[in-house]
Amino acid sequence: MNIFIGGAWPYANGSLHLGHIASLLPGDILARYFRLKGCNVLYVSGSDCNGTPIALRANDEKVAPEVIANRYHKEFNNCFNKLGFSYDCYTRTDSEHHHMIVQQIFLELLNNGFIYQKEIEQTYCEACSQFLPDRYVEGICPACSQPARGDQCDYCSTILDPLELLERQCKICGSTPITKKRSNFICH
Ligand SMILES: [Zn+2]
Ligand SMILES: [Zn+2]
């Protein structure tokens with residue numbers, strides 16, 4: 001029997017803590033169990049080296065995103081080896097192979113109509129000349145009036161859209177962002 005186990009891909013923007021290990025360990029236990037049963041196991045995972053958390057950290061430290069991704073990917077690898085994780089393949093999202101497979105899957109979904117394009121209003125910072133990911137927008141929570149991030153309020157746990165925040169500010173430069181339309185790919 002073939003068994004595929006895909007562990008969660010930790011974000012390469014900071015050191016691992018016990019919470020990460022708690023969510024990753026069950027995958028390793030399953031992999032070992034099925035191997036002992038004689039199954040053909042493929043247990044994979046990797047470091048998520050793309051995305052907002054890494055861009056934010058790189059911005060804070062004034063280095064390129066790759067510097068952050070490389071640092072933590074190396075650290076993760078080291079941790080998993082020392083802890084004895086039995087991945088058959090532990091890779092990273094910025095590898096050429098990963099890009100190729102993701103593009104293949106994306107195009108297949110797009111060509112079969114599972115993904116479509118739609119214009120959505122998003123927060124744009126004119127000073128930084130860029131659309132702001134949710135976490136780059138800070139302001140006041142409309143539900144509890146405490147300071148909050150564009151994706152959620154840590155104080156009252158309300159899930160937010162950055163457009164709902166009051167007194168919005170760009171996290172990078174502190175200026176007030178505007179609302180602008182942008183074309184996005186959406187899943188059905
Ligand atoms: Zn709140
Ligand atoms: Zn800005």
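Let's start with a pairing: β2 and β3 run parallel, and four bridges join them. Two strands count as paired if DSSP finds at least two bridges between them. Strands are DSSP runs of E of at least two residues, helices are runs of H or I of at least four, and both are numbered from the N terminus.

A word on the source. This is a predicted model, where local features need pLDDT of at least 70 and side-chain atom pairs count only at pLDDT 80 or more, while totals for chains, interfaces and linings use all residues. Residues are numbered from 1 along each chain as its sequence is written, chains are lettered from A and ligands numbered from 1 in the order in which they are written, and side-chain values use heavy atoms, with hydrogens and water left out.

Back to that sheet. It is open, with three strands in the order β1-β2-β3, and the pairing is parallel. β1 and β3 (89-92) are the edge strands, each pairing on one side only. From one strand to the next, the twist averages 20 degrees. Axes here are lines fitted to C-alpha atoms, for helices over the stretch in contact, and angles run from 0 to 180 degrees between N-to-C directions. One position to look at: Gly46 stands opposite Thr91 in β3.

Now the core. In soluble globular proteins, nonpolar side chains tend to be buried together. Here the largest nonpolar core has 22 residues. Val41, Tyr43, Phe76, Phe80 and Tyr87 have the most contacts inside it. The elements giving two or more residues are β1 (2-6), α1 (18-36), β2 (40-47), α2 (52-61) and α3 (65-83). α3 gives the largest share, five residues. By definition, such a core is a set of buried Ala, Val, Leu, Ile, Met, Phe, Trp, Tyr and Cys residues joined through side-chain atoms within 4.5 Å. Buried means under 20% relative accessible area, exposed over 50%, partly exposed in between (1.4 Å probe, protein chains only).

Three strands form an open, antiparallel sheet in the order β7-β6-β8. Its edge strands, β7 (147-149) and β8 (166-170), each pair on one side only. The twist averages 25 degrees from one strand to the next. Strand β6 (residues 137-140) pairs with β8 over three bridges. Ile140 has Leu166 in β8 as its bridge partner.

Which residues coordinate the zinc ion (ligand 2)? Cys125, Cys128, Cys170 and Cys173, each through SG, at 2.2 to 2.4 Å. Donors are N, O and S atoms within 2.8 Å of the metal (3.2 Å for Na, K and Ca); water is not among the atoms, so sites may look incomplete. The spacing is C-x2-C-x41-C-x2-C. One pair links distant parts of the chain: Cys125 in strand β4 (residues 115-125) and Cys170 in strand β8, 45 residues apart. Both Cys125 and Cys170 are buried. Four donors count as tetrahedral if all angles lie between 85 and 135 degrees.

The zinc ion (ligand 1) is held by SG atoms of Cys141, Cys144, Cys153 and Cys156, at 2.3 to 2.4 Å. Its donors follow C-x2-C-x8-C-x2-C. That site is tetrahedral, with angles of 107 to 112 degrees. Why does Cys153 count as buried? Because its relative accessibility is 0%. Cys156, at 31%, counts as partly exposed. Cys144, at 22%, counts as partly exposed too.

Last, disulfides. With a disulfide defined as a pair of cysteine sulfur atoms within 2.5 Å, the count is zero.

Notes:
Tetrahedral: all angles 85-135°; square planar, octahedral: opposite > 155°, others 65-115°.
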